[in-house]
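Please look over the sequence and the model below before reading on.

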Amino acid sequence: MTALAKLFRATAFKLTLAILGLSAIGAALVLGVVAWQVIKLVDDETRQTIEAEAKGLSEQYDVGGVRQLGAIIEARSRQPGSSLYLLTDSAGEPLAGNVAQLPPGVLDRAGVVDTPYETADESSPGRRALARIFVLPGGFHLLVGRDLGDRARIGAVMVRAMAVSLVFFAALAALGALFVARRVLSRIDAMNGSARAIMAGDLTRRLPVSGSDDELDRLARGLNEMLARIADLMAGMREVSDNIAHDLRTPLTRLRNHAEEALRGDADRAAYRVALERTIEESDGLIKIFNALLLIARAEAGAESAGMSAFDVGETVASVAELYEPLAEEYGVALRVEAASGLTIVGNRELIGQAVANLIDNAVKYGAGEAGEPPAEGRSEIAVSARGDGATVTIEVADHGPGIPAADRARAIHRFVRLEGARSRPGFGLGLSLAAAVMRMHGGAVRLEDNAPGLRVAVTLPAGVPALPSPAAKAAA
Amino acid sequence: MSSMRILIIEDDRDAAAYLVKAFREAGYAVDHAADGVGGYDLAQEGGYDVAIVDRMLPKMDGLALIGALRAQNIETPVLILSALGQVDDRVKGLRAGGDDYLAKPYAFSELLARVEALARRRPKGAPEETTYRLGDLALDRLSHKVTRAGEEIALQPREFRLLEYLMQNAGKVVTRTMLLEHVWDYHFDPQTNVIDVHVSRLRAKIDRDFDAPMLHTVRGAGYMLRDGAR
């Protein structure tokens with residue numbers, strides 16, 4: 001397709017042409033109405049003049065009969081720019097007047113006529129007149145009229161004006177359409193180019209935004225947001241597969257080693273038993289990792305939806321906290337729970353329960369000392385709370401442990417990330433990312449904050465009927 | 001144990017052979033069907049204490065099979081075994097008429113414990129007992145009083161629910177996930193041995209001051225409440 005053909009096919013080009021075409025028709029209509037009105041005005045004036053003349057002549061006729069009428073007509077006919085007169089006898093022969101010729105039969109029709117005529121002196125054909133015809137006693141006919149040349153001239157001027165403006169409109173339309181189409185086309189072409197580059201694998205490319213905030217900009221921004229979300233998901237997928245490759249290899253290697261070790265040498269039944277038990281233990285751990293990864297992936301895709309129902313999240317927080325209370329006690333910390341009741345949200349109670357359990361589990365494990373050891377000074381309490389303000393529900397789990405340095409907080413939510421100091425503890429580094437994924441799926445956000453000392457994880461969820469998680473909520477998360 | 005009859009509907013040959021062998025060793029009389037239609041025919045003949053149904057079966061889908069059985073008022077307890085283990089899948093399975101749901105891969109001890117719990121369930125419509133008794137331990141479900149050897153034991157509400165469930169299943173193994181499901185109504189993996197801590201608290205209350213322990217840990221499986229005096 002040539003550049004010009006492309007230009008002519010552009011929607012903007014066609015639209016511009018159509019709009020200018022419509023404007024041209026509109027302008028023609030306006031001119032037409034004006035012309036019609038002007039002509040009507042001229043006609044009215046002509047009629048009034050004729051009426052006045054006729055009245056004058058009728059008075060003359062009343063006084064002096066046909067003879068005086070003929071004399072007056074002769075006199076008036078000779079004045080320049082005069083009206084048109086014709087007086088004929090009963091045989092149709094002209095007696096006086098400046099009209100030389102009329103189409104036959106015109107004089108027989110009494111009343112107002114619009115008729116062609118010719119004058120005696122100059123023969124300029126095609127003249128028209130508006131005339132009134134009277135039939136006088138004795139078979140005399142009298143015509144009083146005015147030439148319609150003015151009207152024709154005004155009509156011609158109007159037609160010329162219309163033609164000229166149409167030509168201007170056409171030129172303007174073509175130019176405007178070309179300009180708009182080229183402008184729009186160049187931007188669309190730029191967008192297309194970006195799209196091709198993205199398809200070719202450059203996922204960081206974005207559609208150009210001109211900054212004029214017009215509809216193309218809004219489209220570009222919308223598509224860019226979509227691209228960003230897709231890139232996020234892709235990055236997530238890549239991260240998962242990388243994580244699986246790296247972090248499952250270790251337990252799989254251990255699994256294999258145990259089996260191999262048992263086979264090597266002459267192990268007795270007891271040794272086989274131990275090796276097999278360890279194998280089962282390792283595979284159970286792997287299953288747990290897989291389940292957690294699947295759950296995160298499904299929560300991030302927003303796929304878990306059938307289990308959605310309205311439930312009291314305050315009750316959920318309280319019951320999960322209660323579930324962990326004896327464990328916390330074993331670790332030597334007290335769980336202080338302040339969960340308001342009646343905090344209704346719509347969501348998956350199981351997943352929210354799991355997320356809250358993960359947060360409390362983390363707080364107990366990392367916020368307290370080792371199990372059975374007395375906790376370090378000031379680490380004796382974990383505060384779990386749930387409260388609502390009508391629009392949102394906030395769940396907080398705050399410990400007095402070592403906390404997470406501000407620089408590491410964003411990273412801590414990622415899968416398999418186990419921060420310094422956590423590596424010696426049991427776990428896979430999936431708990432927090434699972435909790436974050438579940439909360440995001442419910443339109444909520446997870447914030448890690450300084451509890452001075454310690455870590456406070458604050459989750460904000462929309463209360464009541466949740467809208468679908470908006471991009472803004474996701475971006476904030 | 002009078003031989004319990006169990007029907008396994010599973011299309012994977014290895015998995016089916018493993019289940020048949022394991023349940024026979026556990027003392028069950030086992031029938032096996034390799035597809036949905038065959039399984040439906042066998043289940044219709046009735047007389048099974050429990051049916052284990054794989055979710056995805058050739059010829060007739062597992063959930064459709066359960067629906068068809070329930071439509072004919074065949075109330076054989078059904079445990080759904082499925083590779084689909086997400087919360088949604090579980091909800092769908094139970095809505096379709098399944099009595100329990102276990103995701104693959106599973107530990108056989110978990111499956112066995114769940115099947116036993118289903119097999120000896122009180123038949124539908126039978127009057128509920130208001131007092132559970134086991135040896136010298138008694139639990140009154142109405143007054144929420146627990147006594148052992150006539151001595152009243154004060155329990156927290158959750159401990160009461162825990163003991164109630166254990167007594168309902170006295171003499172049978174109950175797993176940690178079964179406890180989490182029935183006492184707390186959660187089905188997720190709590191990561192840490194939270195259930196163990198609750199059980200040891202309960203144990204401290206009902207066993208510590210008495211000679212014969214009743215609440216036993218079954219290694220690799222879960223817990224069992226039984227009358228230690230016998």
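How many residues of chain A are in contact with how many residues of chain B?

## Where the chains touch

Counting two residues as in contact if their C-beta atoms, placed from the backbone, lie within 7 Å, 23 residues of chain A meet 20 residues of chain B. The elements that give two or more residues to this side of chain A are α6 (269-300), α7 (313-331) and α8 (349-367) of chain A, where helices (H or I, at least four residues) and strands (E, at least two) are DSSP runs numbered from the N terminus.

## Helix α7 of chain A

The 19 residues of α7(A) should span 27 Å at 1.5 Å a residue, and its end C-alpha atoms are 26 Å apart, which agrees; the expected span is 1.5 Å times one less than the number of residues. Just after α7(A), Gly332(A) takes a positive phi of about 85 degrees.

## Chain B and confidence

Chain B has eight helices and twelve strands. Of its 230 residues, 37% are buried, that is, with 20 or more other C-beta atoms, placed from the backbone, within 10 Å of their own.

This is a predicted model, in which local features need pLDDT of at least 70, side-chain atom pairs count only at pLDDT 80 or more, and totals for chains, interfaces and linings use all residues. Residues are numbered from 1 along each chain as its sequence is written, while chains are lettered from A and ligands numbered from 1 in the order in which they are written. The mean pLDDT (the predictor's confidence in each residue, from 0 to 100) of chain B is 84, and 94% of its residues reach 70 or more.

Note on methods. Buried ≥ 20, exposed ≤ 12 C-beta atoms within 10 Å, placed from the backbone.
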